[in-house]
Structures are given as C-alpha cells and as structure tokens.
Amino acid sequence: MNPDDWTPREMRHSFVSLLSDSGMPLENISRLVGHGTTIVTETVYRKQLRPVLLDGAQAMDDLFPAREP
C-alpha cells in the first residue's frame, strides 16, 4: 500500500494498534484518541498484531525448521 493513499481512519486504527502492541495501557490510548471509555478503543480500533505475526512466524518455523550446524 502506498503511504500517500492512507486515510486518516486507517492511520488512527494503526496508531491505536501499534500503541497497544507496544504495551501502552488501553486507558491511556483511549484518552489519546479522545474516547470516554476503553470499550470503543478495544472493540473497534485495536487490532492485535502480535498474535497474528507470532502465528505466522510459528507456521514458517514449522515449514522450515532450523538445521543443526
């Protein structure tokens, strides 16, 4: 995807997801994006990237196991 094509909506979702993945408390993220509670932040905006990435990495490790030297 071309960064010039990103919409403010996509950037907002990415902002929330990346902060969440970095370990920032959801309450702090909610305040940063102007939500009164964490419900909308958690259910609409936050996409958990780390579990998807870890699942993909595990699948690749299973397909291509490390070779002993």
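**Group meeting: a predicted single-chain model**

Among the elements of the protein chain, the lowest mean pLDDT, 76, belongs to helix H4 (residues 49-63), and the highest, 92, to helix H2 (residues 26-32). pLDDT is the predictor's confidence in each residue, from 0 to 100; helices here are DSSP runs of H or I, at least four residues, numbered from the N terminus. The chain averages 83, with 88% of the residues scoring at least 70.

Some conventions. This is a predicted model, so local features need pLDDT of at least 70 and side-chain atom pairs pLDDT 80 or more, while totals for chains, interfaces and linings use all residues. Residues are numbered from 1 along each chain as its sequence is written, and side-chain values use heavy atoms, without hydrogens and water.

Now the core. The largest nonpolar core has 6 residues: Val16, Leu19, Leu26, Ile29, Val33 and Tyr45. Helices H1 (8-21) and H2 each give two or more residues to this core. By core I mean buried Ala, Val, Leu, Ile, Met, Phe, Trp, Tyr and Cys residues joined through side-chain atoms within 4.5 Å; buried is under 20% relative accessible area, exposed over 50%, partly exposed in between, with a 1.4 Å probe and protein chains only.

Beyond four places in sequence, Tyr45 is in contact (heavy atoms within 4.5 Å) with Arg12, His13, Val16, Ser17, His35 and Val40.

Ser30 sits in helix H2. Why does Ser30 count as buried? Because its relative accessibility is 2%. Leaving aside neighbours within four places in sequence, Ser30 contacts His35, Thr37, Thr38 and Thr41.

Last, Met60: this residue lies in helix H4 and is partly exposed, at 44% relative accessible area.
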